[in-house]
Amino acid sequence: MAKRPILTLPDERLRAIAEPIEKIDDAIKALAQDMLDTMYDAPGIGLAAPQIGELHRIVVMDLAPDGAARDPIVMINPEILAYSDDTVTTEEGCLSIPELYYEVERPAEVTVRYTDLTGEVVERHAEDRLAICIQHELDHLDGVLYIDYLSRLKRDRVLKKFQKQARRAT
Ligand code: NI
């Protein structure tokens with residue numbers, strides 16, 4: 001169990017395509033635990049493996065309300081099978097794009113299929129915050145960030161801010 005550093009823009013690894021997981025072995029179980037530790041510490045409601053530089057198709061989430069017991073979800077090789085036609089606009093943020101929040105429009109409901117840590121294949125219909133979180137986290141596995149859905153003007157402003165920060169840090 002360990003907290004890992006979270007990569008932030010403009011780290012190129014955030015744009016990589018993650019590889020499918022062939023086998024749920026001890027290394028993958030340890031990775032899932034590290035991801036949960038890192039997410040809870042941040043704190044955040046979701047984290048994808050590429051955000052800690054691990055290019056595997058695994059995401060973790062926890063949408064339990066504040067003060068409620070933890071409700072961790074681990075999705076291995078997740079795929080969205082269906083999207084609703086109706087959409088919803090919500091404010092999103094990302095641990096890899098800290099301190100910024102922008103409104104994004106996405107399908108309101110999704111059906112997702114994934115393998116859980118015990119190796120069981122799960123099919124689940126999701127709505128509300130879970131549906132948005134699933135779409136946001138799964139995008140990370142394909143190198144897609146929520147700012148990609150913003151206007152070019154807004155996106156460029158975000159990218160420039162982080163490029164400038166990175167230059168100052170070196
Ligand atoms: Ni994110």
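Predicted model: local features only at pLDDT ≥ 70, side-chain atom pairs only at ≥ 80, totals over all residues.
Which residues coordinate the nickel ion, and through which atoms? Cys 94 (SG), His 136 (NE2) and His 140 (NE2) do, at 2.1 to 2.3 Å.

Residues are numbered from 1 along each chain as its sequence is written, and side-chain values use heavy atoms, with hydrogens and water left out.

**View 1. The protein chain has 3 helices and 7 strands.** Along the sequence the order is α-β-β-β-β-β-β-β-α-α. Helices (H or I, at least four residues) and strands (E, at least two) are DSSP runs, numbered from the N terminus. The C-alpha trace spans about 45 × 40 × 35 Å along its principal axes. Of the 170 residues, 41% count as buried. Buried means under 20% relative accessible area, with exposed over 50% and partly exposed in between (1.4 Å probe, protein chains only).

**View 2. The nickel ion is held by donors spaced C-x41-H-x3-H in sequence.** Cys 94 and His 140 link distant parts of the chain, 46 residues apart. Cys 94 belongs to strand 4 (residues 87-94), and His 140 to helix 2 (residues 128-141). Cys 94 and His 140 are both buried. Donors are N, O and S atoms within 2.8 Å of the metal (3.2 Å for Na, K and Ca). Water is not among the atoms, so the site may look incomplete.

**View 3. Val 112 sits in strand 6 (residues 110-115).** Leaving aside residues up to four places away in sequence, Val 112 touches Met 75, Pro 78, Glu 79, Ile 80, Val 122, Glu 123, Arg 124, Ile 134 and Leu 138. Contact means heavy atoms within 4.5 Å. Met 75 is 37 residues from Val 112 in sequence, yet the two are 9.5 Å apart in space, C-alpha to C-alpha. Across the protein chain, 64% of contacts between residues at least 6 apart in sequence join residues at least 24 apart.
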